[in-house]
Amino acid sequence: MNFTLQQVLIPATQGYDTVDVQIVDGRIAAIAAHLEVIGTTVDGRNKLLLPGFINAHTHSSEMWQRGLIPPVPLELWIAELYDFTPLHPEQIYLSALGTAVETLLSGGTTVVDHLVLIPGQEIATIAAAVKAYREIGIRAFIAPLIQDQELDTGLPTGGRSKETSVYHRSTDATLAILQQAIDQFHHPEQGIAIMVAPTGPQLCSDALFTGCIELSDRYHLGRHLHLLETQAQKLLAQEKYGYSAVEHLKHLGFLNHRTSLAHCVWLDEADIEILAATQATVVHNPLSNLRLGSGIAPILKYQQAGVNVTFGCDGAASNDSQDLLEAIKIGSILHNVTDLDYRHWLTPRQAVEMASLGGATGLGMANELGSLAVGKQADLVLYDLTSLSLLPRTDPIGLLIWGRPTAAIESVWVRGEQIVAQHQVTTIDVPALRHQLFSQSQWHTERQSPTVKQFEAHYRSVMGLPAL
Ligand SMILES: [Zn+2]
């Protein structure tokens with residue numbers, strides 16, 4: 001549908017401009033004062049228009065376990081997560097909708113779903129997420145989370161030999177699933193794309209990486225993975241490769257301008273140089289890194305080295321929400337405590353650019369998304385500057401990034417289609433979604449993860465913690 005936004009505020013090099021914006025066939029056709037009206041009129045007065053942000057790393061089905069897993073580090077947290085992972089595609093569908101609603105209502109127009117697959121129902125899992133994202137209309141990059149090594153191989157051995165169990169699916173079978181997902185669901189022109197997404201070096205063989213690289217090259221797919229999220233993963237990479245995981249990914253040829261790397265907490269100077277040289281993108285997940293005690297990613301160093309950085313919420317079981325504005329706020333002010341030189345600190349405008357253009361760049365979509373520019377696709381968010389949380393009037397972007405915006409998102413368009421109007425998602429029945437999430441879950445007061453019990457003593461020993 002074509003439309004013209006009238007008298008809307010947009011950021012200018014200095015301050016803000018009031019302009020009209022024409023949207024024709026899903027793209028921005030013109031931005032200037034006093035344009036002729038094409039299509040319907042949208043009143044932009046007292047509103048701020050920004051490009052949609054990208055929730056550049058999440059796992060939608062973790063929504064079923066948010067607010068629940070005790071405060072433990074990633075290696076134990078994930079053991080509990082997998083013990084109780086959802087096993088029905090219907091749950092995948094509902095949590096993908098929930099993830100999309102929360103992303104849209106916190107400024108996001110694109111989600112990168114590093115999707116945990118139900119064993120034996122892998123394609124049904126992907127189909128359920130695709131169905132949800134198509135229905136709601138958010139742009140989605142679905143990155144089926146794959147590995148070919150068992151969870152216990154993800155822990156450093158500390159020099160002790162241990163028996164490792166064999167993963168339930170072969171590397172070839174995993175790659176065949178990915179091929180099927182590409183054949184069935186990869187339709188970037190319709191807003192749904194598949195990515196290759198080995199979970200991370202800690203649980204993946206070189207053969208799996210190589211297979212992913214081949215698929216990525218053949219179908220022009222983005223590449224995604226977790227990288228050096230915890231200190232334990234850094235230790236493990238030393239044990240596994242004898243040198244850094246980043247160095248190893250470079251040798252394999254996995255890093256390029258369409259590779260986005262979630263977390264990147266434990267990289268050293270040489271690793272950072274590799275990311276800059278290969279043009280890979282870092283996805284900063286500050287809330288998850290704090291929640292799991294993983295550490296503070298050296299985001300200011302990445303920026304100074306010329307590495308592209310964007311933001312993600314990470315899955316809702318380690319955050320425990322999908323509020324993208326919250327992740328952007330914490331992810332930009334957190335680094336003030338890491339560098340005394342305040343001239344390096346991130347400004348709200350830099351944060352907006354990281355969340356929009358930075359995210360688009362990491363997906364190889366910088367020519368199509370991420371800024372208000374003529375010719376780009378109309379993935380847009382309109383903020384209501386009369387919302388109580390954005391008053392009194394000072395600086396709109398400062399209020400949005402440093403404040404705690406509530407009911408601030410008035411409209412959202414993806415590919416020029418309106419999917420949020422008057423603060424409400426219009427494409428799906430949100431009260432019905434709430435009802436289903438409520439009725440298909442229960443309050444938990446106590447649950448015990450058998451795998452955490454099994455891992456804990458070994459984890460404490462290799463990390464130098466006192467025995468229990
Ligand atoms: Zn993750």
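Reply: Domain bounds here come from an automatic or database domain assignment. This is a predicted model, in which local features need pLDDT of at least 70 and side-chain atom pairs count only at pLDDT 80 or more, while totals for chains, interfaces and linings use all residues. Residues are numbered from 1 along each chain as its sequence is written.

The assignment divides the protein into domain 1 (3-50 + 372-428) and domain 2 (52-362). Taken over C-alpha atoms, the centres of domain 1 and domain 2 are separated by 29 Å. Two residues are in contact if their C-beta atoms, placed from the backbone, lie within 7 Å. By this rule, 20 residues of domain 1 touch 23 residues of domain 2. On the side of domain 1 that touches domain 2, the elements giving two or more residues are β15 (380-384), α13 (396-402), β16 (409-414) and β17 (417-421). Such names denote DSSP runs numbered from the N terminus: helices (H or I, at least four residues) and strands (E, at least two). The most is given by α13, with four residues. By class, this side of domain 1 holds 15 nonpolar, two polar and three charged residues. Here Ala, Val, Leu, Ile, Met, Phe, Trp, Tyr, Cys and Pro count as nonpolar, Asp, Glu, Lys and Arg as charged, and the others, Gly among them, as polar.

The surroundings include an open sheet of four strands, in the order β11-β12-β13-β14, with parallel pairing. The strands β11 (223-227) and β14 (308-311) stand at the edges with a single partner strand each, so one side of each has no neighbour in the sheet. Two strands pair if DSSP finds at least two bridges between them. Strand β13 (residues 281-284) is joined to β14 by four bridges, and the two run parallel. One of the partners in β14 is Thr-310, which is bridged to Val-283.

Helix α2 (residues 89-104) packs against helix α14 (residues 430-439) at an angle of about 130 degrees, with their axes 10 Å apart. Axes are lines fitted to C-alpha atoms, for helices over the stretch in contact, and angles run from 0 to 180 degrees between N-to-C directions. The two helices α2 and α14 are therefore oblique to each other; angles under 35 degrees count as roughly parallel, over 145 as roughly antiparallel, 65 to 115 as roughly perpendicular and the rest as oblique. In α2, Leu-94, Leu-97, Gly-98 and Val-101 meet Val-430, Leu-433, Gln-436 and Leu-437 of α14.
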